[in-house]
Amino acid sequence: MKKLLPYLFLSVVVLLVLASLRAPGNAGPHDIVAFGRLPTLVNGRIKPLDTVARTSLLTMQGRQRVTSPDGRRVAPAEWLLDVLYRPEIAHRYQTFEIVHPDILAMLNLTPEAGAGKKRFSFLQLMNGLTELDRQAKLADNVESAVRTPFQSAVVQLRHNVVLYQRLQSSLVASGSGDFLEQLAQFEAALPDQLAARKAQRAGQPYDAALARAIADLGTSAATMEAFGYLLPIPPETDKADPLRWRSAGASLRESLDTGRLNPALSAFARIGLAWRSDQPALFNTEVEVYRAQLDREVPGLTARCDIEARFNSAQPFMTSLMIYVVAFLCAVVSWLKWPDVLGRSAFWLVAVAWILATLGIGVRMWLEGRPPVTNLYSSALFVGWAAVALCLVIETMYKNAIGSAAGGMIGFATLIIAHHLSLGGDTLEMMRAVLDSNFWLATHVITVTIGYSATYLAGFLALIYVGRGLFTRSLDPQTAEGLVRMVYGIVCFATLFSFVGTVLGGIWADQSWGRFWGWDPKENGALIIVLWNALILHARWGGLVKARGLMVLAIFGNIVTSWSWFGVNMLGVGLHSYGFMDAGFWWLMLFAVSQLGVMMLAGLPLDRWRSFQSRSK
Amino acid sequence: MASFWRELRDVLVSLKLTVALIALSIVLVLAATLDQVNIGIWAVQEKYFHTFAVFWNVGELSLAIFPGGYTLGGLLLINLVAAHVSRFRFTWRKAGMHFVHGGLILLLLGELFTGLWQDEYQMRLDEGETKNYSESFRGVELAITDVTSPDFDDVVAIPEPVLAGRETVQHPKLPFRVAVKDFQPNSSLRMRPAAGATGEGGVTMGAGTQLEATALPLTYKQDERNVPTAFVELLGADGSIGTWMVSVLLIQPQRFEFGGRSWKIALRFARHYKPFSLTLLKFSHDRYAGTEIPKNFSSRIRLNTPDGRDDREVLIYMNNPLRYAGLTFYQSGFDNNDTTSILQVVRNPSWLLPYIACSLMTFGLLLQFGLHLGGFIRKRRQASSPIAA
C-alpha cells in the first residue's frame, strides 16, 4: 500500500492537470468562447480577442477574473463584449484598481465603495476624470524615474482609463446609439445617402436626414480611426499580412468612398446587434459564419487563435506554480517523516509541474515563432524551467528529495516573478529591431539564462544545506557531502554557461555595434556572474573555503544573479532618484538582505548547528 | 634576500592572489556600472578601466583609492603566467584548465589592444548623398578652405589640441596666421539681443557678430553632444583681418575674401578620409503593423572606389554590417524623417582576438568539466553497482 501511495498521488494530480487543460465551456447560451477566438491585430501581432480581454484586465486590475455588475463571474471575453458593444453596462463593471489613498480622495471615493475595497467602475470614476487628466499631465512632466508613488499611480490610472476608452471606440463610435443599425443597413442605404450628399454639395434640393446620416458616419469613422485600440478588420485579400489589417474606423472611411462595406466590419456590426438585443442563437450564428469565412480564406489563422485562447484559459503556469508549492512542502516534510512516500511524491509532482511548464513554454514559442526567451517575462519562465530541469537530474541521481525541494522552491519563485511581470500587458511582444535575430536569441540569450538558472540553483542548494544543518538534525554526513558535491558541480556548470553566454553576447555586440565589449550595465552584470563563479571555484581549489564557506559563497551568488537579472534594469531608475519606490526594487533589496542574513547565520559556530551537535553527542 | 624573492614568488603564484584579484575586479566592475548613471559610459571606461588607478577628487586633491583596470588586468596576467610557469605539468586532468587560462591571457591582451587601437567614427548620409569620409564623434577641427578655383578646394584642417591650447599657427598654404583666442569644448549659442558692431569676444566678421556663446560644462550623457565653439583671429602681414566665431552648430561655412582669393572658415567634426566612397541610395525604417515599434532599419548603399575596382550595391541592416578595407560600417541611427542614415564606422585591428580567445576558453571549460562529470558518473556507477547486484 505504502508503495502505491506516490502513484495514487501522482494520478490525482495528473487528472487535475488534465482537467485544467480541457476546452473551456460557456456559462450561458451565448458562445462567448467562439467570440473570444476571433482574431484581431493589436501591437503588431494577430491574436484572439480573448488575449486582448485578458491582458487588458491584467493591466487594469492585476487579475483576469472579472465579475459582472449583477454579480455573476464572467469570462474575460464577455467583459470585452460589453466594453465593445454595451458601454452602458461596461461602465458598471468594477475593473479599475485604485489603492493609493490620495487618488481615492481625489476622486471622492472610499475603499468601501469598491469591489474588494480596491476595484471601481468607470461610472464611479467619471466625475473625477478631468482632475485625473490634469494630475496626470502634471506628472507627465516628471521623468518616470523620479515620480512620487502618487504620480506613478495617477499616470497608471490614466493609462488604464485611456485603454478602456480606446477599447470602447474600437467597433462602435461613442455617442451614436444606432450606429450598429446604420452599419448593418449600410449597403442598402448608402446609394440614397451618397446622392443626398452629392445634391447638397451641388446646391440642389436634398434630403437633409440622409445627408446628415452620411456626415455622421464620416465623423464616427474619423473618431474610431483616431482612438480605436483594435485593428480587427482584415483586408479582403491577403489576410495573413498583418501590415494590411485596419481599424474599424479606417475601414469604414474607405467604405464611404467605395460604397462597399468590408465583410468583417459588417460581421462585427451584426455580432454587436445580436449581443445588444440578447439573441443568443443569432449571436452564435453570426460568430460562426464570420469564423467560417475567415477559415476558408486563411486556413491557419483561426486554428492559431483557437490554440492561443485555449492556452489562455488553461493558465498552465498558474497550475504549475501551485504544484511546485505542494512538491516543495512534500520534499521538506520528507526529511523529517515518511522519506520514501513523500520523497517520491515530491519528485513526481515536480516532474508533472515541469512538464506542464514545458508545454506552456512550447506553445508560447510556437505562437511567437521565436526561441523561448524574448523578454523579461519569458526569461523568468525559462530560468525556472532550466533550474528545475537540473533539479530533476540531481534528484534522479541522489534520490534524497533535495533536488525536489530546490526544484519546488525555484519553480515557485520564478513563476511568481513571471506572474508579476505579466501585469504590464501582452507578454508575447514584438522584438525591437536589434533584437530581431532568432539566431542570437537562441544561442546567447538561452545560454546566459541557463547560467542564471544554475547560479541560482547552487545558491538554493546552499540555502537547504544551511537550513537543514542549522535548524534540524537531518543533515547527516552523507547528505552534507552530497550537497557539497552538488553545489560544486552546479557551480562548474554555471561557470561554463554564464561564460559561454557572455561571450556569445560579446560576439553579437561585435556583429551589431562594432565592439566586442562596451562595459554596458547588462554586460557588466553578466561578467560579474562569471567572475563570481570563477572566484568560488578558485577559492575552493586553493583550499580557502571548505564545505561551509562554499555554501556561503554560493548563497551570495543569489544576490549577484538577481542584481544582473533585475538590478541593472533598474539602474537608470534606482540611483539618481531619491523618491524612488518601485515595488520590484524593494523586493530585490529584501531578497538581498534575506540572503545576507542566511550567510550570517551560516557563520554561527558549528556547535550551534543542530545537525552537527547531534553528531558530536 | 633569497627568501624575499621566494616569498614574492609564492605570493605571485598563489590562488589566494587570484581570488583577491577576482574579488577586486568584481568591486571595480560594480562600481563602474553604478557610476555610469552619473558620468556616462565613456567617462567610466577612462576612469575605471583604461587606467592604473581609480582617482577620487577631494577638493583640489586627487587620491588614488582603488586599482584600475590596467593594474588588476596586469596583475591577473602576471599571476596566471607565473602560476603556469612555476607549476606547469601537463596532465589530462588539467588539460582543460590550460586552454581556459591560455584563452584568458589572449582575452585580456585583446581588451588591452582594443583599448589602444580601436577608433570609432560616424558617417551621416542623406538619401542620394555621396561621402568619402567619416566624422569623429567628439574631436573637432578648424577647416580653412581656399575655394577660389571652381575645380577643387584646398583645405587646411587645424586639429583640436591646437585649438584647445589657444595657439597661434602659421601654415605654409595660408597667407595669414591663425590665432585661436578662445576655445569652449561645450557651449550654447543664441542670438544677441541687440546686434552691435563687434560681437562677444571681439568677433568682427561673419555670423558670429549676431550671436553670443555661453560656455557649458562637458556633458557625458548618451543623448547629448558637446557643442565646441572657438573664437579665431586671422592675422595678415598688415595686421588683423578679423575675428570669427566658429562652432559646430554653424553648419554653413563663413566666407571671406583675402589676398585676392576666396576662403571659407568652419569648425567641424574631424574628418577621416577613405580611399572609397559610399552613396546612400535608400534608407528604410520598417515598423510592426499598427505600432511604432521598429522592426528593422536598413541602408542600401553604393560602394565605389576611384580606381573602379569596386562598384557595387550593399545592404547594411541590423546585425548585418559591411566590412570593407579594415573598417566595419554599422547601421546606428537615422534622422530627418527617415531620409538620413547614420552609420557607425569602426576600425579595430584586433577584432579577431576575442573570438579566438573565447573559442579556446569554451573548449577548455567543456573539456575540464566534461572530464570531471565523466569521472563523477563513473564513480557513482561503481559505488551503486554492488548494492544493485
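**Notebook: the A/B interface and the cavities**

I began with the interface and found 56 residues of chain A in contact with 52 residues of chain B. I keep in mind that this is a predicted model.

Next I looked up the buried area: chain A and chain B bury about 4700 Å² between them, and 71% of it is on carbon and sulfur atoms.

The rule gives one salt bridge across the interface of chain A and chain B. I traced it to A:D510 and B:R323, whose closest N and O atoms are 3.8 Å apart.

Which elements give two or more residues to the side of chain A that touches chain B? I found α19 (376-398), α22 (477-513) and α23 (521-541) of chain A. Of these, α22(A) gives the most, with 14 residues. By class, I logged 37 nonpolar, 12 polar and seven charged residues on that side.

On to the cavities. My search of the whole structure turned up four of 30 Å³ or more.

The largest cavity has a volume of about 60 Å³. Its lining includes A:F317, A:Y324, A:W385 and A:T414, and I counted seven nonpolar, three polar and no charged residues there. Helices α17 (316-334), α18 (339-368), α19 and α20 (402-421) of chain A each supply at least two lining residues.

The second largest cavity holds about 50 Å³ of space. Among its lining residues I noted A:R364, A:E368 and A:R370. The largest share, four residues, comes from α18(A). Here the lining has five nonpolar, one polar and three charged residues.

Notes
Residues numbered from 1 in each chain as written. Chains lettered and ligands numbered in written order. Predicted model: local features only at pLDDT ≥ 70, side-chain atom pairs only at ≥ 80, totals over all residues. Heavy atoms only, no water. Contact = heavy atoms within 4.5 Å. Buried area = accessible area lost by both parts, 1.4 Å probe. Salt bridge = Lys/Arg side-chain N within 4 Å of Asp/Glu carboxyl O. Nonpolar A, V, L, I, M, F, W, Y, C, P; charged D, E, K, R; others polar. 1 Å grid on protein atoms, 1.4 Å probe; cavity = no way out; pocket = protein on both sides within 12 Å on 5 of 7 lines; lining within 4 Å. Points joined across faces, edges and corners; volume = space filled by probe spheres on them.
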